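Work through the exercises below with the sequence and the model side by side. Try each task before reading its solution.

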Amino acid sequence: MKELKHLNKYFLKYKYKLIVGVIITIVARIFLLFTPRYVRKIFDAIEKGLNGSITKEAFKSELTLAILYIIGAAIIAGIFTFLMRQTIINVSRYIEFDLKNEIYQQYQRLSLNFYKKNRTGDLMNRISEDVGRVRMYAGPAIMYSINTVTLFVIALIFMYNQAPTLTLYTIIPLPILSVAIYKLSREIHKRSTIVQEYLSKLSTFTQESFSGIAIIKSYGIETQTADNFYNLSHENKEKQLSLVKVGALFFPMMILLIGVSNLLVIYIGGLQYMNGEIESLGTIAEFIIYVNMLTWPVATVGWVTSIVQQAEASQKRINEFLKIESEIKNPTTENTNIIGDIVFKNVSFTYDDTNIQALKDVSFSVKHGETLAIIGQTGSGKSTILDLIGRLYDIDSGHLLIDNKPIDTINLNGLRDHIGYVPQDAFLFSDSIENNIKFGKEDATDQDVIQAAKYAQVHKNIMGFKNGYNTVLGERGITLSGGQKQRVSIARAIIKDPKVLLFDDCLSAVDTETEEKILNNLKKLTSGKTTIIVSHRISAAKNADKIIILNDGKIVQSGNHETLINTEGYYKDLYLKQLSESASN
Ligand code: ADP
Ligand code: MG
């Protein structure tokens with residue numbers, strides 16, 4: 001139960017609702033226990049009527065009264081049972097909601113390295129399945145425990161007062177039932193975990209086939225894919241059947257044990273009645289009802305035990321996850337204004353997971369208002385530089401200064417607020433174009449959106465779509481071309497009006513003419529801002545104040561366009577190559 005302590009803060013938060021729930025449960029159970037007593041009264045009346053020890057009138061009125069009592073008590077018990085679910089089960093849903101949000105916030109706090117180490121499926125499980133199991137503890141398990149304890153205690157007192165020996169015999173099979181249900185629940189849980197695994201394999205497989213349907217069709221491998229699906233689906237069916245097999249044992253076992261208890265009551269009760277150890281036959285009828293009433297709560301003891309164990313295991317995983325500290329720590333919550341002077345001094349950086357040293361002893365500086373271009377081959381470390389400026393990773397050695405302050409002393413949210421970042425692989429959400437552009441600035445007006453799209457040279461394309469800015473992208477909407485995607489994500493960065501603009505090769509899929517226009521627009525926009533343009537095309541770098549050439553994580557050359565085309569090296573070669581390419585086009 002150690003791990004489940006984490007939930008105590010939530011129980012405390014909803015303590016009044018819970019207390020009311022407990023009281024309601026107890027009241028519901030007390031009224032439920034009226035029935036057996038009045039059934040006995042009915043039997044006693046019948047017995048007396050048969051003996052002729054009471055008149056027909058007295059018999060009738062006694063019978064009617066008892067029946068009215070039973071109906072009344074049943075109605076009240078019913079109402080309270082409804083309320084019991086409404087309070088305790090509702091609290092478990094509130095707790096589920098809170099816990100999911102707590103976990104989600106932790107997800108967003110964690111750094112990119114965390115996501116590289118964990119599979120998406122596991123991350124999803126934590127927020128859906130693990131929380132689901134914990135909820136079963138916070139709601140049903142607690143409700144049924146209170147239920148069982150109340151019912152058991154009250155019923156036992158009633159029974160013991162009636163016939164102590166018979167009580168003993170009646171409850172003998174119950175612990176056996178409890179243990180049997182516990183064993184069965186564990187087995188069911190074990191098998192349903194396996195079923196879950198297969199279900200998620202199956203859905204991953206289908207999901208991938210749907211998104212890769214174009215490849216599957218064009219390679220003509222439909223039959224092969226269908227075979228794979230058949231096999232997975234077949235295994236899934238087998239696992240389901242094995243789960244159904246144990247599941248099917250549940251009720252027969254309960255019915256068997258109830259039957260045994262009933263037989264015991266009738267047999268022992270009958271013997272005792274004949275020996276005159278119990279007063280009336282009504283007692284036997286009353287006991288039969290008790291036995292049937294107690295069976296389910298007793299069975300739930302086994303069930304609840306297995307729920308608690310599962311919840312404990314799930315909560316343990318959740319707790320371990322919540323304890324993980326983000327590698328990127330926010331040093332302060334005090335807001336910082338950023339001007340945008342960036343200095344790299346002998347910065348080196350190695351990716352943890354691959355052990356690739358992406359940057360080696362890199363030094364350069366950009367002042368606010370300046371434009372820096374970074375040129376280099378794939379894998380030379382260009383994107384890494386931008387990731388470090390956004391502090392998606394922390395540097396290993398050297399100094400990274402923003403406005404002359406070490407980057408890790410600046411409020412993280414403040415820093416990122418002032419950065420407009422266009423990633424290499426333009427990522428757009430399955431949402432409208434408008435919302436995708438507004439993403440970094442919730443309060444942007446329609447006018448702002450259009451202006452940003454115009455700067456990014458994508459306004460005309462958008463207006464060409466039937467629904468304009470309301471066009472939905474992605475899975476259930478249209479797919480943009482690579483260049484359109486890039487330009488929408490440029491508009492997203494521009495609209496934020498940030499101090500630092502980072503463009504990671506984001507004009508690669510745009511033709512040179514449009515590139516030229518966008519760069520000209522940017523010049524108007526970026527006065528007073530720091531702009532870093534990563535590119536493999538000279539055209540994007542031409543007008544930059546400074547250019548650095550990266551190769552294998554090191555700066556091999558730096559200068560500006562004029563100086564670099566006159567110096568032997570990568571830049572000059574590239575320039576000549578691209579010049580002849582554009583001439584031949
Ligand atoms: P560029 O943007 O110039 O193509 P990158 O900065 O993306 O280069 O990559 C530099 C080096 O770091 C490459 O060797 C690449 O394989 C490696 N690398 C890049 N991103 C990651 C990452 N997220 N995890 C591990 N290694 C990476
Ligand atoms: Mg890159």
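**Exercise 1: the ligand shell**

Task: find which helix gives the most to the shell around ligand 1, and describe that shell.

Solution. Helix α12 (residues 382–389) gives the most, with three residues. Helices (H or I, at least four residues) and strands (E, at least two) are DSSP runs, numbered from the N terminus. This is a predicted model, in which local features need pLDDT of at least 70, side-chain atom pairs count only at pLDDT 80 or more, and totals for chains, interfaces and linings use all residues. Residues are numbered from 1 along each chain as its sequence is written, chains are lettered from A and ligands numbered from 1 in the order in which they are written, and side-chain values use heavy atoms, with hydrogens and water left out.

Next, count the shell: 15 residues surround ligand 1, and the closest are K116, G379, K382, S383 and T384. A residue is near a molecule if one of its heavy atoms lies within 4 Å of it.

Then sort the shell by type: four residues are nonpolar, eight polar and three charged. Here Ala, Val, Leu, Ile, Met, Phe, Trp, Tyr, Cys and Pro count as nonpolar, Asp, Glu, Lys and Arg as charged, and the others, Gly among them, as polar.

**Exercise 2: polar contacts**

Task: list atoms of K382, S383 and T384 that lie by oxygen atoms of ligand 1.

Solution. A polar contact is a pair of N or O atoms within 3.5 Å. For K382, a backbone N or O atom lies 2.9 Å from a ligand 1 oxygen. For S383, a polar side-chain atom is 2.7 Å from an oxygen of ligand 1. For T384, a polar side-chain atom is 2.5 Å from an oxygen of ligand 1. The protein covers 75% of the 550 Å² of accessible area that ligand 1 has on its own (Shrake-Rupley method, 1.4 Å probe).

**Exercise 3: the sheet**

Task: in what order do the four strands of the open sheet stand?

Solution. The order is β2-β1-β4-β5, with antiparallel pairing. β2 (357–366) and β5 are the edge strands, each pairing on one side only. Two strands pair if DSSP finds at least two bridges between them.

Now take the pairs in turn. Strand β1 (residues 342–350) and strand β4 (residues 397–402) are joined by five bridges. Within this pair, V343 has L401 as its bridge partner, and F344 stands opposite L400. β4 and strand β5 (residues 405–406) pair over two bridges, with I402 partnered by K405.

Last, look at the turn: β4 and β5 form a hairpin with two residues between them, and D403 in the turn has a positive phi of about 50°.

How values were computed
Polar contact = N/O pair within 3.5 Å; in protein donor to acceptor, adjacent residues only side chain to side chain.
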